[in-house]
Amino acid sequence: MPIRYRMEFMTQFWRNSVALSSDTMNKLCIGTLAVSRYHQLRRYFPVNDTPDYLDHDFPVGNGYKITPVGYMFLQPDKPSELTRDERGDYHFSFPRTGPLYMVNRVQKQSPLTIECHVNDLLTILKEEVSQGKTMVTLLTDNGPDWNVKSWTVLFFVLRIFKELNLDYSCLTSYAPGQSAYNPIEHAWSPLSRKLSGVTFPACAEGETVPPCNQTGLSEVEVAEKEKVIFTNAIESLNHFWNDMEFDGFPVRSSGVSTEQKFNDYELIHNLLSKGSKSMFRDHPDVLEGLRFISVHGDRQPGEFSIRKCTSRLCDYCLAHPIKATEALGLLESIGGVPNPFPNGSIDGAFASYMEAAQVQRVPSSVNLPPTKTSFLGSCSKCSGYMYMSRVDKLRHDAIVHGSHKRTQPKLNIRSPSKVSRR
Ligand SMILES: [Zn+2]
Ligand SMILES: [Zn+2]
């Protein structure tokens with residue numbers, strides 16, 4: 001339900017908006033059939049020329065797999081017409097398909113993290129943003145690489161926001177079990193079918209054993225051979241997909257861009273997931289990012305958004321004026337993108353987006369079934385920060401607000417060395 005509201009909001013302000021549906025496809029194998037052999041072969045063979053395909057798909061070497069990540073643009077390129085439902089409510093009809101970008105990386109060279117997505121998006125969104133589209137909404141399945149419970153994910157969303165000078169960005173997801181509604185899921189079947197019977201070689205030219213299984217090679221020699229094999233696999237994959245269309249829109253398939261803006265995932269992730277208050281002192285930029293999020297961010301179950309403010313005291317927003325003024329004006333006046341609430345007159349029905357956009361926003365937890373997170377509430381100092389766990393609450397209060405408050409009296413006595421350092 002909230003997804004519908006997000007999409008109608010983006011459609012209402014289509015001139016300034018980009019909406020993307022994103023997901024990761026099943027991994028493709030290198031060295032054996034790329035996709036399961038249960039994908040039907042859609043080719044015809046003369047009687048004496050039967051197919052000579054592998055009849056097994058045992059994986060070769062650890063990490064000899066391609067992780068294809070898809071990003072599908074859902075934005076309309078013209079004003080959407082208002083449609084009327086059976087109740088007589090008006091809706092912005094939003095698109096459910098569009099141009100598809102596939103970015104393919106080899107698992108062994110680049111494990112998939114939020115940093116990969118951010119690097120991909122910086123390349124993919126550059127042109128749209130240069131045309132004034134400064135509001136970005138991403139629909140995902142809330143998988144681990146996109147999970148808004150993770151501070152690392154919030155921090156990398158902030159990085160896209162600042163790097164592209166966006167006015168608003170929103171990472172939202174389908175409820176668990178509902179990800180099949182994510183429009184990009186429909187593309188996986190035709191993309192897989194295109195690869196039925198295809199094997200990307202795992203051996204160097206003239207060799208019969210993959211480098212990872214050869215004896216007597218140094219690590220550097222293995223990596224050098226693998227680099228050629230993996231590059232060829234990705235190029236070959238792009239060749240299969242680049243001449244495809246999906247729903248009448250072009251498919252663009254590529255390897256990772258050579259410009260990888262961010263390359264510090266391990267450091268950021270370790271700091272944000274485990275770092276103590278003192279460790280943040282050595283990384284003031286990250287701490288500053290967390291504080292920025294606490295003022296400009298809005299986290300609810302399965303969703304995180306961030307937007308520029310209009311405070312005369314905010315150095316960042318003064319230096320980076322809002323471009324999508326009408327849309328941000330609406331968010332400012334009602335307190336964020338609307339959340340669903342019951343339509344007073346019809347039992348079990350929810351207000352339409354148009355109705356919800358005219359009243360002060362209700363907190364997300366009010367009209368949804370109670371979840372573990374909704375019982376923990378939001379930070380009293382930054383109302384947009386909903387606590388996702390007890391640990392999240394303690395760390396947020398301590399690191400962002402420097403709070404020393406303890407819920408229980410501490411009985412053990414500090415060692416003198418710790419006291420003197422404070
Ligand atoms: Zn601000
Ligand atoms: Zn707070």
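The following legends describe close-up views of a predicted model.

**View 1. Packing of helix H2 against helix H3.** Helix H2 spans residues 114-130 and helix H3 spans residues 151-163; their axes come within 10 Å and cross at roughly 15°. Because angles under 35 degrees count as roughly parallel, H2 is roughly parallel to H3. The crossing in which H2 passes H3 is right-handed.

**View 2. Residues at the contact of H2 with H3.** On the H2 side, the contact is formed by Ile 114, Glu 115, Val 118, Leu 121 and Leu 122, which meet Thr 152, Val 153, Phe 156, Arg 159, Ile 160 and Glu 163 of H3. Sorted by class, this contact of H2 with H3 comprises 7 nonpolar, 1 polar and 3 charged residues.

**View 3. Packing of H3 against helix H8.** Helix H8, residues 284-296, packs with H3 at an angle of about 85°, and the two axes are 10 Å apart. This angle makes H3 roughly perpendicular to H8. From H3, Leu 154, Phe 155 and Leu 158 meet Val 286, Gly 289, Phe 292 and Ile 293 in H8. The contact of H3 with H8 holds 6 nonpolar residues, 1 polar residue and no charged residues.

**View 4. Segments with pLDDT under 50.** For the chain, the mean pLDDT is 87, and 87% of the residues reach 70 or more. Over residues 407-411, pLDDT stays under 50, and the model has 0 contacts beyond four places in sequence for this segment. Over residues 415-422, pLDDT likewise stays under 50, and the model has 1 contact beyond four places in sequence there.

How values were computed: Residues are numbered from 1 along each chain as its sequence is written. Chains are lettered from A and ligands numbered from 1 in the order in which they are written. This is a predicted model: local features need pLDDT of at least 70, side-chain atom pairs count only at pLDDT 80 or more; totals for chains, interfaces and linings use all residues. Axes are lines fitted to C-alpha atoms, for helices over the stretch in contact, and angles run from 0 to 180 degrees between N-to-C directions. Helices (H or I, at least four residues) and strands (E, at least two) are DSSP runs, numbered from the N terminus. Angles under 35 degrees count as roughly parallel, over 145 as roughly antiparallel, 65 to 115 as roughly perpendicular and the rest as oblique. A crossing is left-handed if the near helix is turned anticlockwise from the far one by less than a right angle, and right-handed if clockwise. Two residues are in contact if their C-beta atoms, placed from the backbone, lie within 7 Å. Ala, Val, Leu, Ile, Met, Phe, Trp, Tyr, Cys and Pro count as nonpolar, Asp, Glu, Lys and Arg as charged, and the others, Gly among them, as polar. pLDDT is the predictor's confidence in each residue, from 0 to 100.
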